[in-house]
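Here is a friendly walk through one protein model, written for someone who likes to see the cut-offs next to the values. Please have the viewer open as you read.

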Amino acid sequence: MAEIVRILSSGSPRQRAWATDIRDRYVQARWGGSWRTTMDESYWALLSRLTGAKWWIDNRDRLNTALAELTPLPPMTGGTERTRRKATRIRAGLVGTRWGNRIPPGVREALNRLTDAEWWVRNEVGDGYPMAIDRALGAEVPEYDRRMMGLPKYGPPQPSHTGSCEEQPAYASARKAAREVASQYGDLRAGNEGSLGGLGGTCCGRAGFRDGERDGKRKWIDRRAGEIRSASRSVTAEQAVSEAKSDLSRLERNLSGWG
């Protein structure tokens, strides 16, 4: 792993060995055996700077969250300079009130994706009900993080088009992209940054992501089950599927910061 991450330079020899093992196991668990190609460049650079053994040892039980805390949120894009400044204030207020510097990994992934300034300004008012911006962000984060936000419910959101989302062009492209990412990595959060191209910015895109990720997870489980059976012919098809589902659950827990 020294190709991209410098050898840990501080701490006793025993601490450095322990921290190196923690780091290497984490990289393998999060990015897999092909981490050289699947790890995002921002994490590549971040891990290269984290050469203190103490940091890895102290954060060994919360590495996803600890790394997220060290990664600044991206700047706003689109709109006028005034709109971008306003959107940045809205985002800072929401994040500061709810999470401070301890942003859950699933929430941070959504924040990294939601850089359209006009989206923040528009959803600050939203449907006019309380906590409009909270609920708008809640619709973009993983289910567990959404439940933890404790959002009020005012009925289903009203689409900005006639007909169902499944009939809209944005749905098909989002579903296809999400299916491809999930079938390869098992979870949309594990894909390469930018691989979904901001397709989840509309209600139809979010519906496509939801259905595409579900389809892709099924394909991932089928492929993983095939690999398990190829490695051991004594394993039945049912056992292989069960083990593959367990592997997927473990991956989802890691991505949610629960290990």
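## Aromatic pairs

The count comes to 2 aromatic pairs, where rings of Phe, Tyr and Trp (its six-membered ring) pair if their centres lie within 6.5 Å, and planes under 30 degrees apart count as stacked, over 60 as edge-to-face and the rest as tilted. In one of them, the rings of tryptophan 55 and tryptophan 56 have centres 5.0 Å apart and planes at 80 degrees, so this pair is edge-to-face. The rings of tryptophan 119 and tryptophan 120 are also edge-to-face, because their planes meet at 80 degrees, with the centres 5.1 Å apart.

How exposed are these tryptophans? The scale used here calls a residue buried under 20% relative accessible area, exposed over 50% and partly exposed in between (1.4 Å probe, protein chains only). The table gives the values.

| Residue | Relative accessible area | Class |
|---|---|---|
| Tryptophan 55 | 21% | partly exposed |
| Tryptophan 56 | 0% | buried |
| Tryptophan 119 | 5% | buried |
| Tryptophan 120 | 0% | buried |

## The model and its chain

A word on the source: this is a predicted model, in which local features need pLDDT of at least 70 and side-chain atom pairs count only at pLDDT 80 or more, while totals for chains, interfaces and linings use all residues. Residues are numbered from 1 along each chain as its sequence is written, and side-chain values use heavy atoms, with hydrogens and water left out.

The secondary structure of the chain comes to 13 helices and 0 strands. Helices (H or I, at least four residues) and strands (E, at least two) are DSSP runs, numbered from the N terminus. Of the 259 residues in the chain, 42% are buried.

## Helix 11 and its partner

Helix 11 covers residues 169-185, which is 17 residues. From first C-alpha to last it reaches 25 Å, close to the 24 Å expected at 1.5 Å a residue; the expected span is 1.5 Å times one less than the number of residues.

Which residues of helix 11 are buried? They are Tyr171, Ala174, Ala177, Ala178, Val181, Ala182, Ser183 and Tyr185. As background, an α-helix has 3.6 residues a turn, so residues three or four places apart point the same way.

Tyrosine 185, in helix 11, has 16% relative accessibility and counts as buried. Tyrosine 185 is 154 residues from tryptophan 31 in sequence, yet the two are 9.0 Å apart in space, C-alpha to C-alpha. Just after helix 11, glycine 186 takes a positive phi of about 90 degrees.

Helix 11 packs against helix 12 (residues 203-231) at an angle of about 30 degrees, with the axes 6 Å apart. That makes helix 11 roughly parallel to helix 12. Axes are lines fitted to C-alpha atoms, for helices over the stretch in contact, and angles run from 0 to 180 degrees between N-to-C directions. Angles under 35 degrees count as roughly parallel, over 145 as roughly antiparallel, 65 to 115 as roughly perpendicular and the rest as oblique. The crossing of helix 11 and helix 12 is right-handed, a term for a near helix turned clockwise from the far one by less than a right angle, with anticlockwise being left-handed.

A search of the whole structure finds 0 disulfides, a disulfide being a pair of cysteine sulfur atoms within 2.5 Å. Cysteine 165 is buried at 14% relative accessibility, and cysteine 204 is buried at 4%.

## Loops and another contact

Methionine 131 is found in the loop between helix 8 (117-125) and helix 9 (132-138). Its phi is near 60 degrees, a positive value in a residue other than glycine. With 34% relative accessibility, methionine 131 counts as partly exposed.

Methionine 149 lies in the loop between helix 10 (143-148) and helix 11, and is buried at 6% relative accessible area. Methionine 149 and aspartate 134 are 15 residues apart in sequence and 8.3 Å apart in space, C-alpha to C-alpha.

Glutamate 243, in helix 13 (residues 237-255), is partly exposed at 37% relative accessible area. Glutamate 243 sits 18 residues from alanine 225 in sequence and 7.3 Å from alanine 225 in space, C-alpha to C-alpha.
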